[in-house]
Amino acid sequence: MTERELIQLCVAARENTLSPEKFATLEQALRDDPKARETYLRLTQIESLLESSQPVAPPIAQGSPGTPTRLLAWCALAAVLAVAATILTQSLIPDSVKEQVTLAPALPVATLIFAEDCEWNHPSTLPVEGARLLPGELGITSGTAVIRFDGGAEVLLNGQSTINLLTGGSGAVLSGKVVVRAEEGAEGFTLDTPQGKVVDLGTEFAVKVESSGASEVHVLDGKVAYGDRRNQKILSAGKALRFDKTGKSPKAIAVNSPRFAEAVQKAGPRPRADLMLAYEGFNYTKGPRKHHQCKGGKGWDGPWRLRNDAERLRPTRETSPTSMKIVDGEMNVTWPVAGGRIGMLAFEEEKRTILVRNLAKKIPMDRDGVFFFSMMVREPNPPSEKLKDREVIRLTLRDSRDYFGKALSFGYGSKSRPQIEAGAGLRFTSQLPAPRSQSTLWVGKIVSRQHGEDEIYFRIYGEDESLDYAEPANWHIASRGVLHSAQFDRILLTNNGSERIIDEIRLGPSWRSVAPLPKLPAAP
Amino acid sequence: MPDDDLQRHDEFMELFLENQPRIYSYVRSLVFQQADADDIMQETASVLWRKFDQFEPGTQFDRWAIKTAYFQVRKFRQAKARESKRLQFSDDVVALLSECSEEILDTTEEAAAALEQCVTKLPLKDRLIVAARFEAGGTNRKVSQQTGKSESAISRTLSRIYGSLMNCVSLELNRHS
């Protein structure tokens with residue numbers, strides 16, 4: 001057996017999900033093959049290191065009650081050694097009960113991640129790109145739409161097609177053509193057709209349902225299972241079947257469907273910077289600039305400024321520098337940004353700085369909507385040990401009507417982990433550290449709701465990470481329990497501690513309006 | 001307690017805690033569940049303390065401790081065989097694994113350092129799965145509920161991730177050796 005198969009058997013054995021027959025196969029392999037034993041032991045070594053191994057309570061020396069100090073010292077030492085031993089898991093596990101981390105999706109079961117030239121079946125409920133989708137029917141009469149189910153599968157609708165969203169891992173094709181991509185981890189995604197279920201076993205297939213009730217399944221990559229539970233069959237890549245409306249005696253036909261990526265490219269997933277609500281590229285002359293001189297970009301009501309008295313907790317104290325420092329060429333811009341190396345804002349080391357700019361158009365959290373922001377941040381040097389208690393870099397949205405009450409902040413928490421603060425003590429910290437000491441791209445998404453929980457997402461990309469045509473499937477943070485009623489009309493940039501460079505602040509209604517994506521080649 | 005005994009206890013604790021990752025890694029390789037490994041570690045620690053007079057200073061504490069841990073594992077397995085219907089490795093397989101573990105245990109500290117680097121190289125989606133699975137109380141079922149993926153999909157994903165981490169750790173260890 002291959003090493004991959006062996007690892008799967010070992011993992012299943014330890015999870016108690018292996019059949020007796022396969023367990024016996026594993027045992028025999030371990031008896032016969034020294035390499036299999038080595039693989040098993042290397043696997044369990046990884047597992048034991050990943051587990052949060054709490055220190056075994058030290059055996060108490062007999063007659064010790066008279067020496068509590070000694071025992072406390074040992075507990076402290078045990079804790080220190082446990083930290084050293086579990087530094088890996090410490091970097092993965094939140095260390096404060098105040099911090100909340102979640103991977104959990106909200107009640108919706110999917111996200112509309114791409115929509116181009118779509119005419120929707122029910123115009124009264126026009127979904128926008130980035131919208132979270134509740135269970136129910138969704139259809140287009142033209143254009144291309146891609147729906148990412150919360151279980152990971154992506155379904156592309158092209159032309160006249162309607163699907164029913166059932167759960168995070170299942171749907172039904174009611175009519176038209178869809179192409180499904182369900183990559184690793186999303187296997188098991190199920191699509192109902194009039195003739196039965198199609199279950200993705202990895203990775204790509206297409207389904208057509210005609211108005212007559214006949215349907216087709218085309219397997220583009222991997223395998224699918226089809227048919228009912230009592231009579232399930234497998235269909236492999238390169239094969240296709242056509243079912244008449246009775247579903248009996250399916251006929252083999254030629255595969256005739258574009259691949260998922262091909263279908264996306266054909267729809268032309270171009271960047272939509274034209275939809276940006278606000279933009280700041282810091283394209284100012286290099287050197288110190290007075291705040292009132294920094295009034296470029298679009299979507300703003302006035303230039304950059306310091307906080308006024310009403311915006312400071314201590315009105316008489318403003319310690320920010322009296323000018324903005326504009327620099328060139330100090331960010332390694334690996335994403336396509338026009339003029340990307342010219343004009344960026346530099347925050348100087350150990351000069352606590354808070355800058356404010358008023359938005360021309362508010363971001364209302366008290367009605368249904370989707371907003372994205374992006375910002376490039378570079379730290380030329382690692383966060384300083386000497387300054388670590390003062391290290392702050394944050395983008396904050398505030399509501400001028402309730403300046404200190406209603407705010408939403410994106411930044412770093414402890415141990416370089418991305419963090420969102422949503423006011424009222426709600427703080428969400430990623431379990432994972434984000435890239436530091438390099439150019440990074442911060443991206444945030446806000447799904448605001450008039451009724452119900454808002455959803456806030458945040459991710460920090462490193463300079464070697466590429467951006468996809470649609471928003472990421474995985475975010476550093478997905479919030480829970482946020483009920484915001486703010487109307488954000490202020491953006492604040494806060495920096496303290498290390499030197500940092502900021503550029504390309506974008507706000508917009510969709511991923512494609514704020515993400516620095518490559519332009520498509522001009523049509524011949 | 002007399003000062004001599006306290007001094008002895010301090011010495012024992014220092015040795016035990018220093019070698020705990022290796023001893024735990026050894027025990028964990030021979031039992032399937034983390035809770036069982038924790039129980040065995042507790043018993044092992046107690047027995048080692050009681051027998052500390054038999055330990056010869058200057059010799060390898062981990063080798064000495066692992067012999068005791070092996071007996072505790074066997075005792076535990078005998079008790080478990082009576083009460084549990086879970087499939088367990090046969091005694092001969094456990095003995096073989098125990099014999100073969102020495103070389104891999106010797107790399108525990110370097111593997112821990114390498115693993116820390118290797119985890120950061122995983123794609124974000126994999127790191128999220130690992131973080132959720134290995135947080136306190138994490139199980140495949142909880143990760144499945146959180147992500148909407150099936151438990152079997154989570155298991156397959158974890159198998160793939162382990163494979164990636166094993167390869168990466170091996171490369172790192174070879175690079176440094």
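1. The first point concerns a pairing in the predicted model. Strand β6 (residues 190-193) of chain A runs antiparallel to β7(A), and four bridges join the two. Within this pairing, Leu191(A) has Val198(A) of β7(A) as its bridge partner. The two strands make a hairpin, with two residues lying between β6(A) and β7(A).

2. With strand β8 (residues 215-226) of chain A, β7(A) pairs in the antiparallel sense over ten bridges. Here Val198(A) is placed opposite Tyr226(A) of β8(A); Val198(A) is also the residue that partners Leu191(A). The hairpin of β7(A) and β8(A) has five residues between its strands, and in this hairpin Gly213(A) adopts a positive phi near 100 degrees.

3. Strand β5 (residues 170-181) of chain A is likewise antiparallel to β7(A), the pairing extending over six bridges. In β7(A), Ala206(A) is the residue that stands opposite Val179(A).

4. Nine of its eleven residues are buried, so β1(A) is largely enclosed by the rest of the structure. On one pairing, β1(A) and strand β3 (residues 136-149) of chain A are antiparallel and share eight bridges. Glu116(A) faces Thr144(A) of β3(A) in that arrangement. On another, two bridges connect β1(A) with strand β2 (residues 132-133) of chain A, again in the antiparallel sense. There, Ala110(A) stands opposite Leu133(A) of β2(A).

5. Glu311(A) lies in the loop between β13 (287-290) and β14 (323-327) of chain A. The relative accessible area of Glu311(A) is 5%, under the 20% limit, and the residue is therefore classed as buried. Its side chain makes a polar contact of 2.8 Å with the side chain of Arg305(A). Leaving aside residues up to four places away in sequence, Glu311(A) touches Arg305(A), Leu306(A), Val356(A), Tyr403(A), Phe404(A) and Arg490(A).

6. The two chains may be set side by side in terms of secondary structure. Chain A contains seven helices and 26 strands, whereas chain B contains eight helices and zero strands. Read from the N terminus, the elements of chain B follow the order α-α-α-α-α-α-α-α.

7. Of the 524 residues in chain A, 54% are buried; of the 177 residues in chain B, the buried share is 51%. For contacts between residues at least 6 apart in sequence, 63% of those in chain A link residues at least 24 apart. The corresponding value for chain B is 64%.

8. The interface between the chains involves 69 residues of chain A in contact with 69 residues of chain B. About 6800 Å² of area is buried between chain A and chain B, with carbon and sulfur atoms contributing 65% of that area.

9. Which specific interactions link chain A and chain B? The count of salt bridges between them is four. Among them is the pair Glu51(A) and Arg28(B), whose closest N and O atoms are 2.8 Å apart.

10. Several helices build the side of chain A that touches chain B: α1 (3-14), α2 (20-32), α3 (34-50), α4 (68-85) and α5 (87-92) of chain A each provide at least two of its residues. The greatest contribution to this side comes from α3(A), with 14 residues. By residue class, the side of chain A that touches chain B consists of 35 nonpolar, 19 polar and 15 charged residues.

Definitions and conventions:
Residues are numbered from 1 along each chain as its sequence is written. Chains are lettered from A and ligands numbered from 1 in the order in which they are written. This is a predicted model: local features need pLDDT of at least 70, side-chain atom pairs count only at pLDDT 80 or more; totals for chains, interfaces and linings use all residues. Side-chain values use heavy atoms; hydrogens and water are left out. Two strands pair if DSSP finds at least two bridges between them. Contact means heavy atoms within 4.5 Å. Buried area is the accessible area (1.4 Å probe) that two parts lose on being put together, summed over both. A salt bridge is a side-chain nitrogen of Lys or Arg within 4 Å of a carboxyl oxygen of Asp or Glu. Ala, Val, Leu, Ile, Met, Phe, Trp, Tyr, Cys and Pro count as nonpolar, Asp, Glu, Lys and Arg as charged, and the others, Gly among them, as polar. Buried means under 20% relative accessible area, exposed over 50%, partly exposed in between (1.4 Å probe, protein chains only). A polar contact is a pair of N or O atoms within 3.5 Å; within protein, one must be able to donate a hydrogen and the other to accept it, and residues adjacent in sequence count only if both atoms are side-chain atoms.
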